[in-house]
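Please load the model in a viewer and keep the selection panel at hand. The stops below each begin with a selection and then state what is to be found there.

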Amino acid sequence: MSIQAKSSFFTGLQDNLDQLRTQGLYKPERVLASRQGAEVMGEDGRMLINMCANNYLGLSGQEWVAQASIAATEKYGYGLSSVRFICGTQTVHKQLEQAISKFLGTEDTILYAAAFDANGGVFEPLFDENDAIISDALNHASIIDGIRLCKAARFRYAHNDMADLEAQLQAAADKRHKVIVTDGVFSMDGTIAQLDKICDLADKYGALVMIDECHASGFMGPTGRGTHEHHNVMGRVDIITGTLGKALGGAMGGFTSARKEVIEMLRQKSRPYLFSNTLAPAIAGASLAVLEQLSASTELRDRLHENTAFFRSEIERIGFTIKPGTHPVVPVMLFDAQVAQKFAARMYELGVLLSGFFYPVVPMGQARVRVQLSAAHSRAQLVTVLKAFEQAGHELGLLKN
Ligand SMILES: *Cc1c(COP(=O)(O)O)cnc(C)c1O
């Protein structure tokens, strides 16, 4: 590369970054000076009520979870300096895999450094050019990337559209094995996949079902097992991927859970597992303590759903439009991108942290702020947040009532 070509590489990057800024697509990072929780401290020392974390059960900043991670570090050390199959598996990793399997109602589980890796490494070892992967159009980026790494034929069905799913199953009829893949819950709208119908269609066409439970594990369903429990199809879903980085403690780490032959094959062939380091013992130990707690009591899950029901009904009473549903993701619709940005900025001034989403993250004209409830929110904090919504809504002339 000539000096000139090299410098044009960097100026090109700078131009593209500047363009993102002028298009309003640049993503700045908020810096917190405290633990994650219902309230967080901003870099400037101001306290903010946090309505935008995936901290559904409020465990991220909890002292007992931090202590469980410290205890695991004391016992097992800081890290393994190895992948699992060489000398990177400890008793705590096996215990966590068993605990996840028991919690989800599956046979076996394999741990990854992230759910992104679980999804990235699940397709290629299990499916090849003789097979078909039938994927919801709005599936998470990590599913899309995982499918790209696999030679199977790809079929996409319109988001949450069961008639189109059936049409795609018919289009894939001549393939050897078929797998339907969907997020259990879609995080932009809080939409819950129609797993009962999906499992029925899978039975009709002899397909497998795989779900990504990142926004469900720990709190969806009567005992928090996930979307499969919510839709009463436990035992009918073949492959479950999920994260330890959201409701289940919030650090990082992911997993795939399925029949034992599936997991055994992934341990042999899944590249993000074979060629990436073991999950830190601190995370494995704390996740284990979290699953024990969630198996013993539904208190956190129940509080989360109470908070969600309260917030959903109050925000509508004030006069905002939300996407209907029951999930703790509550999209408060503002429709216009600039309004959504202004609104989120005003809420920040009023002491509430939330995120605005607009095109191209959501469809044109569907701009919103996304609220995420947590079991950690007190009723008083939610009332404060609702008052701020009302004030900002009045100021910007957004309220129906
Ligand atoms: C967050 C998320 C992931 C990625 O999880 P990580 O463990 O953070 O890599 C994957 N799929 C879905 C649906 C998610 O929401």
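Predicted model: local features only at pLDDT ≥ 70, side-chain atom pairs only at ≥ 80, totals over all residues.

Is cysteine 52 buried, partly exposed or exposed? With a relative accessibility of 21%, cysteine 52 counts as partly exposed. Now select cysteine 87, which counts as exposed at 54% relative accessibility.

**The annotated span.** Select residues 48-388 next. An unreviewed UniProt entry lists these residues as "domain: Aminotransferase class I/classII large". Within the model, the end C-alpha atoms of residues 48-388 lie 12 Å apart, and the span is 42% helix and 18% strand.

**A three-stranded sheet.** Show β1, β2 and β14 as a cartoon. These 3 strands form an open sheet in the order β1-β2-β14, with mixed pairing. Why is one side of β1 and of β14 left without a neighbour in the sheet? Both β1 (39-41) and β14 (352-353) stand at the edges and have a single partner strand each, so one side of each has no neighbour there. Strands of a sheet pair through backbone hydrogen bonds, in either a parallel or an antiparallel manner. For β2 (residues 47-50) and β14 the sense is parallel, over 2 bridges.

**Salt bridges.** Side chains of opposite charge can pair when their charged atoms come close. The whole structure contains 21 salt bridges. Select glutamate 97 and arginine 267, whose side chains meet in a salt bridge at 3.0 Å, N to O. Glutamate 97 belongs to helix α4 (residues 91-104) and arginine 267 to helix α10 (residues 260-269), so this pair links distant parts of the chain, 170 residues apart. Both glutamate 97 and arginine 267 are buried.

Arginine 267 has a relative accessible area of 15% and is buried, whereas aspartate 108, at 22%, is partly exposed.

Move on to aspartate 189 and arginine 368. Their salt bridge has its closest N and O atoms 2.4 Å apart. Aspartate 189 is in the loop between β7 (185-186) and β8 (191-192), and arginine 368 is in strand β16 (residues 367-372), 179 residues apart. Both aspartate 189 and arginine 368 are buried. To finish this stop, display Arg84, Lys94, Glu97, Asp108 and Arg267 together: salt bridges that share partners join these residues into one network.

**Aromatic pairs.** A pair of aromatic rings is described by the distance of the centres and the angle of the planes. The search of the whole structure finds 7 such pairs. Select phenylalanine 9 and phenylalanine 10: the ring centres are 5.1 Å apart and the planes stand at 75 degrees, so the pair is edge-to-face. Phenylalanine 9, at 47% relative accessible area, is partly exposed, and phenylalanine 10, at 49%, also counts as partly exposed.

Select phenylalanine 311 and phenylalanine 389 next. Their ring centres lie 5.9 Å apart with planes at 70 degrees, so this pair is edge-to-face. Phenylalanine 311 lies in helix α13 (residues 299-318) and phenylalanine 389 in helix α15 (residues 379-395), so the pair ties together parts that are 78 residues apart in sequence. Phenylalanine 311 is buried at 0% relative accessibility, and phenylalanine 389 is buried at 0%.

**Charges over rings.** Two selections close the tour. At arginine 21, the charged end sits over the ring of tyrosine 26, 4.1 Å from the ring's centre. At arginine 379, the residue lies over the face of phenylalanine 310, 3.9 Å from the ring centre.

How values were computed: Residues numbered from 1 in each chain as written. Heavy atoms only, no water. Phe/Tyr/Trp six-rings, centres within 6.5 Å; stacked < 30°, edge-to-face > 60°. Buried < 20%, exposed > 50% of the residue type's maximum accessible area, 1.4 Å probe, protein only. Helix = DSSP H or I, 4+ residues; strand = E, 2+ residues; numbered from the N terminus. Lys NZ or Arg CZ within 6 Å of the ring centre and 35° of its normal. UniProt positions renumbered as here; feature names shortened; annotations may be inferred. Salt bridge = Lys/Arg side-chain N within 4 Å of Asp/Glu carboxyl O. Pairing = 2+ DSSP bridges.
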